[in-house]
Amino acid sequence: MELRKYERLNEQVNICSLPNGLVIYVIPKKGYFKSAAVFAANYGGSDMRFRLAGEWHDTPAGVAHFLEHKMFDMEGGGNALTLLSANGASPNAFTSSGMTAYHFESTENFEDNLRILLKFVSRPYFTEDSVAKEQGIIGQEIRMTEDDPEFAVYQNLMKSLYAENPIRVSVAGTVESIAKITAKTLYYCHEAFYNPSNMVLCVAGDIDPARVEAIAREILPPEKRETAERDYGQKEKPRPASGLSDVKMEVAVPLFMAGVKLDVPDRGQERQRRELLMDFAMNLLLGKSSPLYARLYADGLINNTFSGGSTFFPGGAAAVFGGESRDPSAVCAAVIEEAASFASNSLRTELFQRLKKAALGDEIRSFNSLYGMCVRQAAGHFAGFDPFGSMEQIAGFTMEDVSEAVLGSLRPENLAISIVRPVKGES
Amino acid sequence: MDISRKEIMPLVALTSVKTDKFKTGCLGVTFCLQLDRKDASKNALLPKVLMRGCLSHPDMESMSAAMDELYGAKILPVVRSKGEVQCVGLLADFADDAYVPGNEKILERVISLVGEILLCPATKAGLLNSDYVASEREKHADQIRSIISDKQKYATMRLKELMCSGEAFAVDSLGKAEDTLGITPASLTEHYRRLLESARIEIFYCGSADAKRVEAALADAFSALPRSGKETCPVGTDIRTETGPVRYFTESLDVGQGKLALGFRLGKVMLEPDIAAILVFNAIYGGSVTSKLFLNVREKLSLCYYAGSRIERHKGVMFVASGIDIEKYDEALAEILRQLELCRQGDIEEEEFLNAKKSVVNELRSMMDSQRQLEDFYLGQAVELLDYSPEMLAALSSEVTVEQAVAVAKSVRLDSVYFLMNNERSA
């Protein structure tokens, strides 16, 4: 067992690896009533094309998310959601482009709840009937998401930016794509991605790490299996695939999101550094404390929904900004202009120092949430870095690093824009 | 956890929760006001205008700079309703002294900044800065109009407006867009002065400092608060236990999924409300993943992606919200009501009942691990002058009998049904 210590924050993480390849992180937290556990697979909406046992497979959009829903069915007719809930836990799950995570928080019976979690996620049970029924429920979920303008503005931006990367496609898929999913598809994808060496278990609370390890050994299969190799398409050029998406929906004020592709490593500390650096740089350029934000806000071009940062996903990353605005094009032009003239003048240096202080506060704050820490640890594990080591990374940034991040990415020819305008009224 | 409550100035009470398990401190300063169409928009706009600038930080950039300097302290304007009491104010969260370099004292500086924002706003010719009023007025009106982007929220808001037409509860805590646009610097300033003199103020702190230290900092920061000692209008909620014939409302928008929202009055149980029994009833009916609505309407019949119930205990009403296939309106409505009927008849399995109680207890105990949730809980308690803790309510909930929960179900009356559907079908 390895111990990582974060002295200044008075926190630590216990790490242990099992022979089946599973890595377990236990974050001891004293004084909390609840404990949290996240059991996650390195498998998300983007993992549609993969090779297993020497053969390439193309699966429909939405399998990872569909699988997440169906994993809660247990052999013999039980449902893990009900079982955990009946045992005093609040269970849930989510699927992102790169991860499927099952989790619960509970104030009692932690060990039993952990057993249930590990059991239902590692033992699939599907029938053609239950799959057909789920198509109805997920179909409703997809419709609901399609009515959500914030989802639309993001998804349309990704479509405008990328030609091939699966981030173009919604994690839940479409009503048509999920109609192609069968029990067989689900069993196969479970086999391909839900093996312990492609998973991680993160626990936080007043918990004994040795007990967590013992329970994982007791429930999970002991042997290591082959993990699928994935394909996210060819490495893409910086130019956007189409550039502009402009649609109408039931909104009161136009909503927009604009962005550029970033060329980043797939894994490791350098990926983490690039993510933190881009977030920091965008904050310096257009965050709430920046001169640009104050100017656009005073001119009535943005409101407090405006923000910017980075988004990282399998096979790529993007720097994005957006919010509600009556004139999205004017905001984009102002951001591009500010980026082009981004220089390290004395005002900027002062803000740079202040934002480092603010970043420290944000980091401190993030240690309040047990569940949040578990999810961060899971994501860090899959991407090959220590998520709680970000303070050191940020402390090391120089003004030159930040200028380079801004100047190197936010070029007008690389910018894609997605706009959602009101159905009626102003055009 | 060490919880105390004390009146520290006339009509100003401090609730303090001392615990060192969090990495941050949380401070809420809230004006408790009678919800009323006439003033609601002004009340809601006020904290946003105050956040734009104060004496030592007269504009947005210097205000943001001050918060960055305090290790990214966040001070946000907050508006919400507890029944017919509109609660407006500021909510701050900030790094605990123990975790910042040199253990700098952050608490006093944050409290002093919050005091200055509330008491010494940026002014022009003796009135609240007219540029800030004009700018925030537009943005606030947009925020109200944008509720339509979130269809579920929109449906519940419309249901509330229609069902409680003629009652203060119909007024959304943000106010109305048209009323907001009519606010002038003079009218807002006059209103602001009146609040400072006479509104009841609830202050909440949760963090590692003891109540004495917080009180001393507050006494200093709020020494200029003009408390005249005059009696203020008491605030409260008009609870109606009677209902007439059920009213049905249908509206249409350009959406793919229908939203069905039902409004109920809790009825006679509100004459002497047993909150624990009400919470347990809600968890049985639709407030948990083991509830009848979740398991039957969603899981068994796949009639919708979500269906859940929520209690507004201060007003004694319950809302059921559900996203459904537009074609399935009759079926879904009948099923939602049938499940309530089963609760009324006591058709509740032992397991269902125990699960519901566990879910309530788990939720209340989990609240002790979140500063924001504690703040909201204690504000609700203060509004009704109740003094039990989440833990005590959890203990009471675990004692609730099935008869008590059924009694609540029997008292519940359907008041109104609201359906949001799409344009084509209504044409």
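How many residues of chain A are in contact with how many residues of chain B?

1. In this predicted model, local features need pLDDT of at least 70 and side-chain atom pairs count only at pLDDT 80 or more, while totals for chains, interfaces and linings use all residues. Residues are numbered from 1 along each chain as its sequence is written, chains are lettered from A in the order in which they are written, and side-chain values use heavy atoms, without hydrogens and water.

2. The contact involves 62 residues of chain A and 60 residues of chain B, contact being heavy atoms within 4.5 Å. About 5,300 Å² is buried between the two chains, 53% of it on carbon and sulfur atoms; buried area is the accessible area (1.4 Å probe) that two parts lose on being put together, summed over both. On the chain A side, A:Phe33, A:Glu250 and A:Lys357 lose the most area to chain B, together 14% of what that side buries.

3. Six salt bridges are counted between chain A and chain B, each a side-chain nitrogen of Lys or Arg within 4 Å of a carboxyl oxygen of Asp or Glu. One of the salt bridges joins the side chains of A:Asp362 and B:Lys74 at 3.2 Å, N to O.

4. B:Gly102 lies in the loop between strand E5 (85-95) and helix H3 (107-119) of chain B; helices (H or I, at least four residues) and strands (E, at least two) are DSSP runs, numbered from the N terminus. B:Gly102 counts as exposed because its relative accessibility is 74%, exposed meaning over 50% (1.4 Å probe, protein chains only). Its C-alpha atom is separated by 23 Å from that of B:Leu218, 116 residues apart along the chain.

Methods: Buried means under 20% relative accessible area, exposed over 50%, partly exposed in between (1.4 Å probe, protein chains only).
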